[in-house]
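Hello,

Here is the structure I promised to pass on to you.

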Amino acid sequence: MITLPVFFFLYHALVIVGLSLVTVSRRNPVHSVLFMLIIFFHIASLYLFLNAEFIAAIQIIVYAGAILVLFLFVVFLLDLRAEEHADKYSMSQPAGAVLALSLFAVLASTMRGFVLGPHGIYGIEKITEMTHTKAIGTVLYTKYLFPFEVASVVLLVAIVGAITLAKRHTKS
Amino acid sequence: MSAYLLIPFLPLFAFFVNILFGRNFIKGQAHWIAVPAVTVSCLVSWVIALKMFMSHDPQIINEDLYTWISSGGFRASVGFLIDQLTAVMLIVVTTVSMLVHIYSIGYMHGEKGYYRFFSFLSLFTFSMLMLVMANNILQLYFGWEAVGLCSYFLIGYYYEKKSASDAGKKAFIVNRFGDFGFGLGIIMIFLTLGTVHYAEVFGSIGTLTGQGIVVLGFQMDVITLIALLLFCGAVGKSAQLPLHVWLPDAMEGPTPVSALIHAATMVTAGVFMVARFSPIFNLSPVAMAVVAVTGAFTAIFAGSIALVQRDIKRIIAYSTCSQLGYMFLACGVGAYGAGIFHLYTHAFFKALLFLGAGSVMHAMGGELDIFKMGGLKKKLPYTYWTFLIATLSISGFPLLAGFISKDEILFLAFASGTTVGKFVWVVGVITAVLTAFYSFRVFYLTFHGEFRSDIEEMKKHAVEHGHDPHHLLHEAPWTMRIPLLLLAFGAVTAGWIGIPAALGGHNKFAHFMEPVVGHPEVHAGHATEYILMALAIAIFIGGLLFARHMYITNRDLADKMAKKFSFAHYLLWNKYFIDELYHFTIIRPTMWVSKSFIVGFSDGKIIEGIVNGVPRAIGQISGFIRHVQNGLVHRYATVMGFAFLAIVAIAFIWR
Amino acid sequence: MVPLYWYMLLSAAVFCIGVYGFLARRNVILMFISIELMLNAVNINLVAISHYMEDLAGQILSFFVITVAAAEAAIGLAIIIALFRNKETVHVDEMKEMQG
């Protein structure tokens, strides 16, 4: 019996899986990046469906807005005309296919036996009552304050590292 | 009362300073560190020894400094024992060492390894002091091996010279034979008594009386076995038959080393050790007889070789062997005090002989052959007079040090009343004749008669070898003369503390030593002693006159005698072929086994097989494995993924 | 109500596609996009489980995953630029200086 939620999920799952396959098989990286964009929007939509509107917003802002734009920049920066005639796949493509399929088989068979742990306190009612962003913020700035600060250091390192690596060494 | 610690540790300090900073910083000034250190150590020794000598109830120091080894029932400490015996040894070691240090300033001047020489000289002094001051056998053994090591370093001081480095090795290896026995002896003592401390060993050694042990199928008395094993070490270190071969070769070292190590101190360690272990030896008449007979044979054997040799230092070296034989002879008849007394006087006149010889060599540009010398009396007055005193002392001029101590030994041997005692007395008397003869032979050939070399040739030779030809046939500098004068003083007076009762003295030395080494039995009166003394003087005069007749007044006689007794001369000249005997019985078989079996098979095939095979196998395996790392990220990721799958599979199977 | 298992299956599928893309493509940009796919697959899983467990820890974790993904993209793309400047290529199988 296909109810509305099931239909909604199936549509998203289909689009995500199908476009993922398209993404990894495009010759032109620009196309790949654009398909990726669509995937990200669908994933964000799934997050909304899972009552995680803050994560959905982040998904759009960070992934679609920042990371993919960065990818596009780089793709445009590089001269990729030679890519049109080069081999698309590496030598380990068959191995990759076998590995991916067997990995999927393993995951699918083991995940059947997955049992959820004890439920937490943030049920749908509670989140609705205090709004999702506030709930996330409460947890993030209390219990996960230290990892949060570490994450800021990771980002700082990434900024410094990216600048250092991409900087053209003028004196030589 | 721990000032005594300065005695061994100041020389050690000097050693460290010189060896660490000598090469780059101190260089030619090394004596400014070594000489003060050993001088202070000498002064402290004298103060301690005199204090003991003067008091009626001498205070004996016996202190454990710290525990060296503690393992199960075995306990050894670094500890010091200063009793009468040690006090005498301290005086001998530090005094001669100090004088030799001073002498070396002049003798070794300008040598390339000046700092090295002084540092090893200091290290030797430290080791020797550790040896004599030990309060347990293990520390004695430490000092024993350390002096052997320093001896090796210093014999091989001119290591560029093949003969010198060979002589160093020979000394070391020959000593191994003796020290092996010594080591076994120490182990035997520990096994039977469970301790290595002197006081405990000597306190309980009596309980072993009459106990037997089976060795290689022979029933043996335990105490005799221990004593003989210990004596093995003494035979090696003190160059007694049959392990005497290293001492003459050791003369390759610089002359101050010969004087200090191979005449006055290290070689007498064997005598010291036998005297130190007198409580053990006294319990075994067999071992005592062995000691006495070995000493007597060595005395006459080495003395006879010295008769015909031409190398001045080797003659004195054989003379040292011979005199050491006297000391063992004394110990063997129970007269340890007399043996130590002779050790003490011998240190002065024998060091003087060596340093005199060094002075002669200095003036002769390194020439050693006494037949190429002669008439040096006028050129080297100081050396001449001091050498004369030493010669008179060793050959028994009345009332000089050598006369008194040697006379005491012979008298006590004669008076011991045993067959062995009588026998060794006869041998000792014959040796005394030889001693007087060869000593004056050296003296006359070196200082009297015509000069038998070409001075121009010597100068040319000196220039060729980069030496200064100006000090040829000139007296040595003051730093070398002062030790000669001081030792000459010692060679005259050292014996006066032991003037026997028969000559109106009190023989204070023997009484001083009595608490440690006991007193020998005497079965003869003063009348006998006078007769023996007269005999000794007659021997001295006879030897002197015969040498004078042969080498001064009637020069042809020596050659005639050599022709007449050609076989004896041949035998003596070749030192009884002992070296050749060892060459064929020990060295050649050892070399053969080493070359054919050890080098060819065990080293060449097994060890090199492993040593080379393992790296080769690793290299081949690596050469194969390195293809895995091909630099392709895809390959790595694929392998990683499949490895993950494999782990999952294994987890599935084992669940 | 959609079962959790479906979400996990979706996540596994996307992840495996990412694995395949990473191994199959020789263009380094595509390999990076595959990595992003894998990270998103993990995020789907985390958020889904978080929702079903009624616990926010999973969402916090996905938050950090996004942070790290941003950092990784910045660094990775900088490396790509540096490599392209030196080697004039974006194909990883042409970059094998590190072979043994």
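This is a predicted model: local features need pLDDT of at least 70, side-chain atom pairs count only at pLDDT 80 or more; totals for chains, interfaces and linings use all residues.

For chain C, the mean pLDDT is 89, and 99% of the residues reach at least 70. Within that chain, α1(C) has the highest mean pLDDT of the elements, at 93, while α3(C) has the lowest, at 89.

Let me begin with chain C. Chain C has 100 residues, of which 59% are buried. If you take its contacts between residues at least 6 apart in sequence, 45% of them link residues at least 24 apart.

Chain B, with 655 residues, has 51% of them buried. Its elements are 26 helices and four strands. For contacts in chain B with a separation of 6 or more, 79% come from residues 24 or more positions apart.

Now to how the chains meet. Where chain C touches chain A, 60 residues of chain C and 73 residues of chain A take part. On the chain C side, the elements that each give two or more residues are α1 (4-24), α2 (28-53) and α3 (57-87). Of these, α3(C) provides the largest share, with 21 residues. Sorted by class, this side of chain C holds 45 nonpolar, nine polar and six charged residues.

Chain B also touches chain A, through seven residues of its own and eight residues of chain A. The chain B side of that contact consists of three nonpolar residues, three polar ones and one charged.

The nonpolar cores are worth a look in your viewer. The largest has 217 residues, and B:Phe231, B:Val274, B:Leu329, B:Ala351, B:Leu352 and B:Ala491 have the most contacts inside it. Helix α15 of chain B (residues 336-364) is the element that gives the most to this core, namely 18 residues. If you centre on B:Ala351 and leave aside its neighbours within four places in sequence, you will find it in contact with B:Val96, B:Val100, B:Ala259, B:Ala263, B:Ala264 and B:Leu487.

One is helix α2 (residues 31-54), whose 24 residues span 33 Å from the first C-alpha to the last, close to the 34 Å expected at 1.5 Å a residue. Its buried residues include B:His31, B:Ser41, B:Cys42, B:Ser45 and B:Met52. The buried residues of α2(B) pack against α1 (6-26), β2 (74-82), α3 (84-107) and α4 (114-133) of chain B.

The other is a hairpin made by β3(B) and β4(B), with two residues between the strands. Strand β3 (residues 212-215) and strand β4 (residues 218-221) of chain B are antiparallel and pair over four bridges. One such pairing joins B:Ile213 to B:Met220 in β4(B). In the turn, B:Leu216 has a positive phi of about 50°.

How values were computed:
Residues are numbered from 1 along each chain as its sequence is written. Chains are lettered from A and ligands numbered from 1 in the order in which they are written. A residue is buried if 20 or more other C-beta atoms lie within 10 Å of its own, exposed if 12 or fewer, and partly exposed in between; C-beta atoms are placed from the backbone. Two residues are in contact if their C-beta atoms, placed from the backbone, lie within 7 Å. Ala, Val, Leu, Ile, Met, Phe, Trp, Tyr, Cys and Pro count as nonpolar, Asp, Glu, Lys and Arg as charged, and the others, Gly among them, as polar. A nonpolar core is a set of buried Ala, Val, Leu, Ile, Met, Phe, Trp, Tyr and Cys residues joined through C-beta atoms within 7 Å. The expected span of a helix is 1.5 Å times one less than its number of residues. Two strands pair if DSSP finds at least two bridges between them. pLDDT is the predictor's confidence in each residue, from 0 to 100.
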